[in-house]
Every structure is written in structure tokens, then in C-alpha cells.
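The following paragraphs are meant to be read with the coordinates open, moving from one region of the chain to the next. Please keep the sequence at hand as well.

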Amino acid sequence: MNALATGHEDLIHDIAYDHYGRLLATCSSDQYIKLFTRVSPSADWSLLSSFKAHDANIFSLSFALPQYGLLLASCSEDQTVRVHRSIDDGRTFVKIATLSDSSGPVHQVAFTKFGGHGLKLACIGTDGVVRVYHAADPTDLRQWHLAFEKVVDKAGLLANGVAAAKDLQGDFAIDWCPSGTVRAPWFTSNLDSAMDDSELPRVDRLTIEELAVEQFVASSMSKVFVFRKRLNGGIYEYERTEELPGHTDIVRDVAWASNAGVGGRYELIATASRDGWVRIFKLTTRRIGEPTAEYRNGAAGTVSLNEDKGDDYDEFAYDVELLDQFDHHKSEVWKVSWNVAGTILSSSGDDGRVRFWRAAYTGKFVGVGVASAEQIPQDEVDE
């Protein structure tokens with residue numbers, strides 16, 4: 001592991017890689033964004049650009065998919081999300097849009113990860129509102145439409161005190177589903193429910209429009225919910241659907257894995273919490289006509305928030321299961337992140353360690369490595 005001297009003059013809050021892993025962006029309380037390029041064949045990083053992006057602490061960064069050019073979104077304590085575009089392969093960035101609908105500091109921003117969804121970004125901040133913006137015309141990225149906004153958990157936000165959310169005692173996070181496809185109702189509605197996975201239609205025979213299901217996971221304080229775009233009353237809109245239960249303290253980060261690593265059979269979402277736990281949830285699509293007893297009874301772990309369904313309401317839903325959890329950091333956990341295939345999870349905490357986890361044949365996760373700037377005791381590596 002090589003150290004990277006970023007040159008930031010204050011705390012670094014986030015890093016982000018571009019789609020190909022060749023560029024690395026960092027943001028800091030010094031109000032600057034710095035961009036580094038990987039030097040081949042070594043593993044070193046070289047400073048490519050540095051620019052003042054906000055007028056306060058910068059909390060989060062996100063690269064857009066490469067088909068839209070080199071776009072970087074950032075959010076800040078100055079209550080704005082800003083979109084920056086490079087005019088020369090990363091050496092110079094120009095601010096092309098400022099989104100200022102938030103009534104408080106913005107904690108996290110994320111571009112969509114699936115091309116079939118178009119150019120969209122979501123953000124969430126201390127007002128507890130998740131917002132989705134859409135650039136309807138990719139040729140004019142100065143114009144962004146506020147397509148959706150909703151308080152994630154109003155009762156919880158008020159119960160914890162909105163004022164408490166303005167500092168490190170509150171946190172909010174968001175991440176898009178990277179796969180963009182699920183075992184949706186049209187995929188299984190006319191099939192024999194006894195069919196196993198090998199007998200289901202091949203995904204590549206369906207069109208992008210048939211497969212593209214927009215969904216994201218958002219956390220507000222200690223509550224975590226899935227939002228999904230559904231047809232309701234003749235209008236497509238994002239709705240709060242399943243809850244990921246069991247969090248006993250503020251959730252610092254959420255990460256939705258690509259389902260490619262599990263053959264599209266289910267989704268995995270990881271959370272990082274102030275209570276010291278990393279949790280991994282398994283979301284399995286429920287087929288039409290097969291509501292589970294737990295779903296009907298509203299049992300813990302499978303929460304339905306949509307009992308009043310319209311005639312055109314989509315019956316697709318997830319069964320939510322806490323697949324695994326671990327507290328090896330023995331301290332507050334701040335970040336979780338999946339590899340591109342959705343097979344390895346990394347987590348970082350106040351113990352100064354980055355820990356790596358991989359699913360075993362049992363479905364549970366096992367530690368496969370620990371990284372630190374300090375010398376790590378062998379017994380910690382082997383735990």
C-alpha cells in the first residue's frame with residue numbers, strides 16, 4: 001500500500017474513482033477538490049488538477065458515467081450541490097450548475113450508475129430530504145430539473161431533533177442500485193412459480209426499457225429505506241418501499257452492490273453505523289401472487305410501507321433479510337464500499353483500518369484482509 005500526499009490543508013471527507021479507476025478525486029474542509037491520475041505501470045498517483053469548488057466544507061463526490069463526459073458532482077456545508085465538467089481530460093474543471101434547493105448542509109451526492117436511467121443525481125442533507133435531479137438534455141448540462149424530493153423519515157428526524165442533525169451527531173447517506181435490473185413482475189408473472197432459476201428467461205432477451213428499474217437506498221439518522229420508481233395513478237414516481245431494520249444508532253453510510261456477483265438472484269446493501277457494526281442486507285424479489293406470511297403480517301425484517309395500492313400499482317417487492325453483521329472495527333464505522341462486481345465489501349472506521357469482506361460458500365461473509373498506514377499485528381490480519 002502506497003501513501004498518497006494529497007496536499008489538502010484540512011480534513012479529507014471523501015474520495016471517488018471515475019468509472020475506469022484511472023482518476024481519483026478527493027474533497028476536503030479546505031474547500032478544494034483535487035484530481036489525481038494513476039501513473040502506469042506503477043501504482044503511484046500524480047496530481048492532475050486542484051480547484052476551489054465550494055465556500056465551506058465539501059462532504060461528498062461522485063463521477064457520472066463516462067458517456068456524459070468527465071462530470072463530477074460535489075456537495076457541501078454551503079447547502080449546495082455543484083456539477084463540474086472537465087474541458088481537457090481532467091486538467092481543468094468548470095462549474096456548470098449549482099443546485100441550491102436544500103435548506104441545510106448537503107451530506108452526500110450520487111450520480112446514477114446504470115446507463116438506462118439517463119443522467120440523474122440524488123442528494124441528501126441535514127434537512128432529511130432526498131432529492132433527485134435530472135438533466136433531460138445531455139447537450140445542455142447547465143439545466144437540471146428537480147424531479148423528486150421527499151423527507152426520508154420525518155418522524156425520526158423530529159424525534160432526534162433537527163438541530164442535532166446539523167453537526168456530527170446526525171448523518172444522512174444515499175446510493176443508487178448499480179445494476180438497474182431486477183427480477184421484476186413482468187419477468188416472472190406468467191411463469192410457473194415452481195420453476196428454478198435455470199428455467200427462467202435469459203435477461204439478455206429483454207429490452208433495456210423492460211429491465212430498467214430505478215431504485216436507491218437512503219438513510220436518515222438511524223433509519224434506512226429503499227426508494228423505487230413505480231407506476232402509481234398513471235404517473236411514474238419514486239416511492240419509499242422497504243425498510244432495512246435493526247439499526248440502533250446513526251447510520252453513517254450505505255452502499256448498494258452490483259448483483260452481477262450473485263448472478264442477479266438478489267441484491268445486497270451494506271450499511272456503516274456509529275454503533276460500530278457493519279451490516280449486510282439481502283433483498284430477494286418476491287414474485288407476483290406469492291406474498292409471504294411475514295409480509296402479510298408486517299413482521300420485522302420485511303416491512304411494507306405501501307398498503308393502499310392503486311389499480312396500476314406494481315406488486316414487485318423485496319423480502320429483506322439481515323444476512324450478516326460484524327463489529328471488528330470495535331469503533332464507529334464511517335464508510336462502506338463494494339467492488340465493481342459486488343463480491344467484496346470494504347469498510348473503514350475510527351480504528352484506522354480498512355477491512356475487506358468476501359462472501360463464503362455458506363453465504364456469510366469472512367474477512368479477507370486489513371489495510372492500514374500502520375503496522376498491523378498478525379492476529380488482527382488473521383481474525
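Two strands are said to pair if DSSP finds at least two bridges between them, and the strands themselves are DSSP runs (E, at least two residues), numbered from the N terminus, as are helices (H or I, at least four residues). The model is a predicted one, in which local features need pLDDT of at least 70 and side-chain atom pairs count only at pLDDT 80 or more, while totals for chains, interfaces and linings use all residues. Residues are numbered from 1 along each chain as its sequence is written, and side-chain values use heavy atoms, with hydrogens and water left out.

Leucine 70 is placed in the loop between β5 (58–63) and β6 (71–76), and its C-alpha atom is separated by 8.4 Å from that of histidine 84, 14 residues apart along the chain. Because buried means under 20% relative accessible area, with exposed meaning over 50% and partly exposed in between (1.4 Å probe, protein chains only), leucine 70 counts as buried at 18%.

Methionine 221, in the loop between β14 (215–220) and β15 (223–232), has a phi near 60° although it is a residue other than glycine, and it is buried at 4% relative accessibility. Lysine 330, in the loop between β20 (317–326) and β21 (333–338), is likewise not a glycine and has a positive phi of about 55°, but lysine 330 is exposed, with a relative accessible area of 66%.

Finally, consider isoleucine 12, which lies in strand β1 (residues 12–17) and is partly exposed, at a relative accessible area of 35%.
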